[in-house]
Amino acid sequence: MGTSDTFQLPIPDGHDPLHERLAAAIERWISSGQLRPGERLPTHRELSRDAGVAIGTVTKAISYLEKRGVVRSETGRGTFVNMVVEPAAEFTDLNFNIPLPVVDEGQFRAAAVQASSRLSNTPNGGYPEPGGHKEHRKILSDWLSAMRLELAADDMVVTVGGQHAIHLAMADLAGHTRGVATEAATFSGAIAAANNLGLQLHAVDHDEEGMLPDALERLFAESECRAIYLTPVCQNPYGFEMTEARRKDILAVCRRADAFIIEDDLYGIYSDTGSPTFRELDGERVYYINGLSKSLTPLVRVGVLAPPQPRRGAIASRIRAELWGVSAFDLEVAKALFEMGAHLSAREALRAEARSRVELAASILHLRLPMPSGSPHVWLPMPKIAAQKLARQALEQGVRITPPDAVAVGGEKAGGVRLCLMAAPQRDSLTNALRVIADLRAAAGFESVAADLHIV
Ligand SMILES: Cc1ncc(COP(=O)(O)O)c(C=O)c1O
């Protein structure tokens, strides 16, 4: 379509936000064949004129379509209709951070039978206590002491997985801080939670073990940000671990600024260094988060949040207001799985497999990886535009990886792609997928670049 053409872009009526209705109109226009895959859209100014909306609405509509993969923006060139990507015959998804299915069908069946036999004894006919019944909290406290750290049942609330815990922690801190600091790239769910709560995310420079204390101190001095969100083990997406010394330095900076730490320890079972958790270093300044999804199974949606003790009651009330609590059935299934020792065998199996897969990735991709003895995800740093292109080309060849936009807080500093190594159930399909990525990297001239995580 020539840029001087004018065209009709009727925006449908409805209650959806204007930019979504404009996006729907553009999408209809593409699906009607007036604009074909690979062709350039009119400029934002032209779209704004022809649809009779503000340029800001056009920008929002395009970004909405971009997130859904309908179009892509190329800096300095414009916005293009994406090619229709037919899934390749063998499709490997390395985008979702799911653990291997270490709990088998027999174990689930046995756990479900066990859980069913106990349900008649569940208090309140199954309705949860806000924050969790003491008996359920005790189960999780025993689980955590076997897996990671001692945490009293009275110090925690039970959550619907890790994501719920992140949102609860940020919501609780919203009265204390205007923003949340994290690394240049972070877990997409933390970005979603902060956005949902209107908290600004700040990217703090990091090295190969995490956030730099000096950079954090500067941020606190220059802003009203008084909270940080960290995945100190297997940082998501960079895949490094924070040492004890660095944790203590970060904690000291937070104490001086009266800032709080959200410690997302879902990958804690992979710890290499044996560093104490932030929670063990200072329980009064830390919102500690863990859950079953990465260390056992995401099918049982159970997590834990241990906030500073004075905040526990307020957080339990929030849970009561939002969703009442975690399903008693899920908690009974979790209990039955723990009684079988499934969590302990899962930990061994996942750690051993992660170690082998990291070695495999390091050899195929010629990388120096920050957690050589095992992380479920690795990061390939490269300029952001090249990373976006790599993710697109990989998808065309049947391999889905995480593009930088999904995890970026720090703009250009977040250049790279994430590969979730545990997501492919078979090692062979992972090997093939890694070869696809290696070939694409080589073709783009990145094959000899060692993974340099000093993205400061
Ligand atoms: C660092 C991190 N925290 C939390 C979550 C979400 O945990 P859950 O599935 O238990 O809600 C994820 C999921 O990918 C994650 O990577």
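**Group meeting: domains, helix packing and the ligand shell**

The protein chain in this model is divided into three parts: domain 1 covers 18-81, domain 2 covers 92-100 + 343-443, and domain 3 covers 105-340. Before I go on, please keep in mind that this is a predicted model.

I will begin with domain 2 and domain 3. Their centres, taken over C-alpha atoms, are separated by 24 Å. Where they touch, 28 residues of domain 2 are in contact with 29 residues of domain 3. On the domain 2 side, helix 13 and strand 13, residues 377-381, each supply at least two residues. Which of the elements gives the largest share of that side? The answer is helix 13, with seven residues. By class, the domain 2 side that touches domain 3 divides into 17 nonpolar, seven polar and four charged residues.

Now to helix 13 and one of its packing partners. As a reminder, two packed helices are described by the angle between their axes and the distance between the axes. Helix 13 runs over residues 342-365, and helix 5 over residues 134-147. Their axes are 11 Å apart, and the helices pack at an angle of about 35 degrees. The crossing of this pair is right-handed. On the helix 5 side the residues are W143, A146 and M147, and they meet H343, L344 and R347 of helix 13. That contact has four nonpolar residues, one polar and one charged.

Helix 6 passes helix 7 in a right-handed crossing. From helix 6 the contact uses Q163, I166, H167, M170 and A171, and from helix 7 it uses G189, A190, A193, A194 and L197. How many charged residues does this contact have? It has none; seven are nonpolar and three are polar.

Next, the ligand. There are 14 residues around the ligand, and those that come nearest are G161, G162, Q163, G291 and S293. Helix 6, residues 161-173, gives the most to this shell, with three residues. Sorted by class, the shell has 10 polar residues, three nonpolar and one charged.

Let me turn to the strands. Strand 1, residues 71-74, and strand 2, residues 78-81, pair in the antiparallel sense over four bridges. One of the bridge partners to look up on the screen is T79 in strand 2, which is paired with S73. The hairpin has three residues between the strands, and in it G76 takes a positive phi near 80 degrees.

Last, two backbone details. Most residues other than glycine have a negative phi, and most peptide bonds are trans. N124 lies in the loop between helix 4, residues 105-118, and helix 5. The other detail is a cis peptide bond, which joins N236 and P237 with omega at about 15 degrees. P237 is in the loop between strand 9, residues 227-230, and helix 9, residues 244-257.

That is the end of my part.

How values were computed: Residues numbered from 1 in each chain as written. Predicted model: local features only at pLDDT ≥ 70, side-chain atom pairs only at ≥ 80, totals over all residues. Pairing = 2+ DSSP bridges. Axes fitted to C-alpha atoms, helices over the stretch in contact; angles between N-to-C directions. Left-handed = near helix turned anticlockwise from the far one by under 90°. Contact = placed C-beta atoms within 7 Å. Nonpolar A, V, L, I, M, F, W, Y, C, P; charged D, E, K, R; others polar. Near = placed C-beta within 6 Å. Domains from an automatic or database assignment.
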